[in-house]
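This report describes helix packing, strand pairing and backbone geometry in one protein model. The sequence and structure come first, and the description follows.

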Amino acid sequence: MRLLVTGGAGFIGSNFVRYVVEKLGWNILVYDKLSYAGRLENLQGVLDKILFIRGDIADEESFKKAVEEFQPDAIVNFAAETHVDRSINEPAPFIWTNILGVFTILEVLRSLKHDILLLHMSTDEVYGDLWGTDRYASEDDPLNPSSPYSASKASGDLLIKAYGRTYGIRYRIMRPSNNYGPYQHPEKLIPRSIIRLIHGKPPVLYGEGSQVRDWLHVEDTARAILTVLEKGSDYEVYNICGGMFATVREVVVKVLKAMEKPEDYIIYGKPRPGEDRRYAMKCNKIRELGWRPLIQLDQGLESTVKWYLENEWWWKGLVDERYVLADAPW
Ligand code: NAD
């Protein structure tokens with residue numbers, strides 16, 4: 001199998017590439033802009049076994065050349081702007097990559113004769129806030145995004161579906177829940193909390209941290225992507241979640257415990273503007289393909305804490321004061 005992995009130097013992409021190279025030995029070309037979130041260090045250990053091109057998915061000429069030369073069976077698209085806080089402060093890069101970038105991938109596929117599958121990484125955030133309901137979103141629920149990030153992701157999904165229907169472009173869309181694990185950028189909740197604690201600072205939450213999320217270890221996501229690639233059907237959407245619900249505060253308390261700190265060692269900040277209070281999905285469709293999460297939340301958080309403690313070299317240069325160490329960045 002030949003996979004062109006866009007955004008493969010980011011958090012989920014690099015974990016997926018490592019998994020596929022080590023377990024299956026497939027041919028991989030990573031195509032990545034290396035934004036602030038993408039680093040070759042994320043691909044340590046497998047860099048000499050893959051091809052790498054630095055490029056933007058919104059650059060049609062460069063992306064088309066990569067596809068024509070590599071001739072992939074499938075494109076797995078992780079390339080995205082992904083941090084909700086950044087999308088609130090500066091939405092433009094989100095429109096560029098998550099909408100124009102996806103549009104460019106589709107245009108390149110439309111212009112080529114080959115029958116290449118697009119396996120696209122979307123998110124549970126496209127369904128919007130389910131707070132105050134007992135609903136679990138299924139794949140055909142309406143999209144109701146709340147942030148510039150989730151709106152840009154929903155736009156990408158709609159473009160892909162339209163290109164499938166109008167031009168027959170083969171796609172499979174995956175919507176994973178909140179991922180965590182090694183190589184996640186320090187600006188995100190779990191690494192940020194761990195790194196703050198290492199610096200002797202308490203984790204900071206938005207509001208009371210009562211937002212409900214369904215937490216999934218990135219290795220379980222990597223296996224889910226493989227499952228959809230090998231057993232999924234074209235023109236389908238797959239929710240990916242493990243039913244491991246916990247509030248943001250509960251997760252941070254687990255991190256505090258793993259780092260042997262008192263569980264009230266937390267700063268409560270202002271609520272994030274427009275923040276969704278509950279995400280929840282039905283994930284029976286991926287389970288029918290035989291996938292199950294293998295990593296329980298407590299176990300996954302403990303191994304993640306251990307990874308950050310042992311890999312300071314990896315995160316040390318990435319600690320941006322505004323997003324990681326400031327006491328009240330909002
Ligand atoms: P990330 O921010 O860690 O990595 C994104 C990668 O995309 C980086 O390597 C970056 O350099 C690259 N990139 C950005 N813009 C690009 C462009 N224009 N051209 C080429 N490369 C570009 O993101 P992540 O957390 O690994 O998320 C991967 C995908 O999964 C995203 O589509 C995201 O929306 C989705 N997702 C993430 C989560 C999560 O919890 N992390 C949950 C659900 C869905």
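## Backbone, helices and strands

Glu-260 is exposed, with a relative accessible area of 74%; exposed means over 50% relative accessible area, buried under 20% and partly exposed in between, with a 1.4 Å probe and protein chains only. This is a predicted model, in which local features need pLDDT of at least 70 and side-chain atom pairs count only at pLDDT 80 or more, while totals for chains, interfaces and linings use all residues. Residues are numbered from 1 along each chain as its sequence is written, and side-chain values use heavy atoms, with hydrogens and water left out.

Glu-260 lies in the loop between α8 and β12 (267–269). Helices (H or I, at least four residues) and strands (E, at least two) are DSSP runs, numbered from the N terminus. Although Glu-260 is not a glycine, its phi is positive, about 55°. Leu-34, also not a glycine, has a positive phi near 55°. Leu-34 sits in the loop between β2 (27–32) and β3 (51–54), and counts as buried at 17% relative accessibility. Most residues other than glycine have a negative phi.

Two helix pairs are set out below. Axes are lines fitted to C-alpha atoms, for helices over the stretch in contact, and angles run from 0 to 180 degrees between N-to-C directions.

| Helix pair | Axes come within | Crossing angle |
|---|---|---|
| α1 (residues 11–24) and α7 (residues 218–231) | 9 Å | roughly 65° |
| α8 (residues 248–258) and α10 (residues 297–310) | 10 Å | roughly 55° |

With axes crossing at roughly 65°, α1 is roughly perpendicular to α7. Angles of 65 to 115 degrees count as roughly perpendicular, under 35 as roughly parallel, over 145 as roughly antiparallel and the rest as oblique. The crossing of α1 and α7 is right-handed, that is, the near helix is turned clockwise from the far one by less than a right angle. On the α1 side the contact (heavy atoms within 4.5 Å) is made by Phe-11, Ile-12, Asn-15, Phe-16, Tyr-19, Val-20 and Leu-24, and on the α7 side by Val-218, Glu-219, Thr-221, Ala-222, Arg-223, Ile-225 and Leu-226. This contact has ten nonpolar, two polar and two charged residues. Ala, Val, Leu, Ile, Met, Phe, Trp, Tyr, Cys and Pro count as nonpolar, Asp, Glu, Lys and Arg as charged, and the others, Gly among them, as polar.

Helices α8 and α10 are oblique to each other, and their crossing is right-handed. Val-251, Lys-254, Val-255 and Ala-258 of α8 meet Leu-297, Asp-298, Leu-301, Glu-302 and Val-305 of α10. By class, the residues of this contact are six nonpolar, no polar and three charged.

Turning to the strands, β7, β9 and β11 form an open sheet of three strands in the order β7-β9-β11, with mixed pairing; two strands pair if DSSP finds at least two bridges between them. The edges are β7 (178–180) and β11 (245–247), each with a single partner strand, so one side of each has no neighbour in the sheet. On average, neighbouring strands of this sheet are turned by 50° against each other, direction ignored. Strand β9 (residues 212–217) pairs with β11 in the antiparallel sense over three bridges, and Asp-214 has Phe-245 in β11 as its bridge partner.

Strand β6 (residues 171–176) runs parallel to β10, joined to β10 by five bridges. Met-174 stands opposite Tyr-238 in β10. Four of the five residues of β10 (residues 236–240) are buried, so β10 is largely enclosed by the rest of the structure.
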